[in-house]
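The exercises below ask you to read a protein model with care, one step at a time. Try each task on the sequence and the structure before you turn to its solution.

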Amino acid sequence: MSIQHFTDLLSAAQAQPEPQRLLLVFARAELPEDASEAERAAFAQGQGGALKPVLCVDKLPSELKDFPSLCAEAALTGQAWDLLFAAGLSGRAGLAPSSDEAEQPLRMMVGAIEAGTVGRFLAFDRAGEPLSLY
């Protein structure tokens, strides 16, 4: 299945043979204080910078109505964000992973994003459209 919008991720998660729990990390793009003028100019054009996770949550696909509802829930925290990273955690024997079981993988996901290792996660912009990060 091709992921063309966050909605496709929800559909794909619900179609898996084992129940899924989605790991979601909201991140903000920031410019380091010691950035050069060239880096500042590129950042102003929407390129470069560093990703800072600002909010993370795990959800069952059934707990997510749609992308706008997820964004509205995130807005209640007051945290500004630029992109959303998503990953799935598969259940076993017909049972979805619990939030407790998702805690460590979610922590590891946050650490990977802080380290800039984002290739194994899906990334979405504020409209729920997938992003290719390189």
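Ala74 is buried, with a relative accessible area of 3%, where buried means under 20% relative accessible area, exposed over 50%, and partly exposed in between, using a 1.4 Å probe and protein chains only. The model is predicted, so local features need pLDDT of at least 70 and side-chain atom pairs count only at pLDDT 80 or more, while totals for chains, interfaces and linings use all residues. Residues are numbered from 1 along each chain as its sequence is written, and side-chain values use heavy atoms, with hydrogens and water left out.

**Exercise 1. Find the element that holds Ala74, and then list the residues that Ala74 touches.**

Solution. Begin with the element: Ala74 is found in helix H3, where helices (H or I, at least four residues) and strands (E, at least two) are DSSP runs numbered from the N terminus. Next, take contact to mean heavy atoms within 4.5 Å. Not counting residues up to four places away in sequence, Ala74 touches Phe26, Leu55 and Trp81. Finally, compare sequence with space: Ala74 and Gly88 are 14 residues apart in sequence, and their C-alpha atoms are 19 Å apart.

**Exercise 2. Work out the order of the strands in the open sheet, and say which strands stand at the edges.**

Solution. Two strands pair if DSSP finds at least two bridges between them. Strands of a sheet pair through backbone hydrogen bonds, either parallel or antiparallel. Here the open sheet has 5 strands in the order E2-E1-E3-E4-E5, with antiparallel pairing. E2 and strand E5 (130–131) stand at the edges with a single partner strand each, so one side of each has no neighbour in the sheet.

Now follow the pairs across the sheet. E1 and E2 are joined by 9 bridges, and Leu22 stands opposite Lys59 in E2. E1 and E3 pair over 8 bridges, with Gly88 in E3 as a bridge partner of Leu22 and Phe85 in E3 as the bridge partner of Val25. E3 and E4 pair over 3 bridges, and there Phe85 stands opposite Ala123 in E4.

In E1, 8 of the 11 residues are buried; in E3, 6 of the 8 residues are buried, so E3 is largely enclosed by the rest of the structure.

**Exercise 3. Which residues of the largest nonpolar core touch the most other members?**

Solution. A nonpolar core is a set of buried Ala, Val, Leu, Ile, Met, Phe, Trp, Tyr and Cys residues joined through side-chain atoms within 4.5 Å. The largest one has 17 residues, of which Phe6, Leu24, Phe26, Leu64, Leu70, Trp81 and Leu84 touch the most other members. Two or more residues of this core come from each of helix H1 (6–15), strand E1 (20–30), helix H3 (67–75) and strand E3 (83–90). A second, separate core of 16 residues includes Leu23, Val25, Leu83 and Val110.

To see one member in detail, take Phe6 and leave aside its neighbours within four places in sequence: Phe6 is in contact with Leu24, Leu64, Phe67, Leu70, Leu84, Phe124 and Gly128.

**Exercise 4. Locate Ala93 and Asp125, and decide for each whether it is buried, partly exposed or exposed.**

Solution. Ala93 lies in the loop between E3 and H4, and this residue is exposed, with a relative accessible area of 72%. Most residues other than glycine have a negative phi. Ala93, although not a glycine, has a positive phi of about 55 degrees.

Asp125 is found in the loop between strand E4 (122–124) and E5. With a relative accessibility of 23%, Asp125 counts as partly exposed. Leaving aside neighbours within four places in sequence, the contacts of Asp125 are Phe67, Trp81, Asp82 and Leu131. From Asp125 to Pro32 there are 93 residues in sequence and 21 Å in space, C-alpha to C-alpha.
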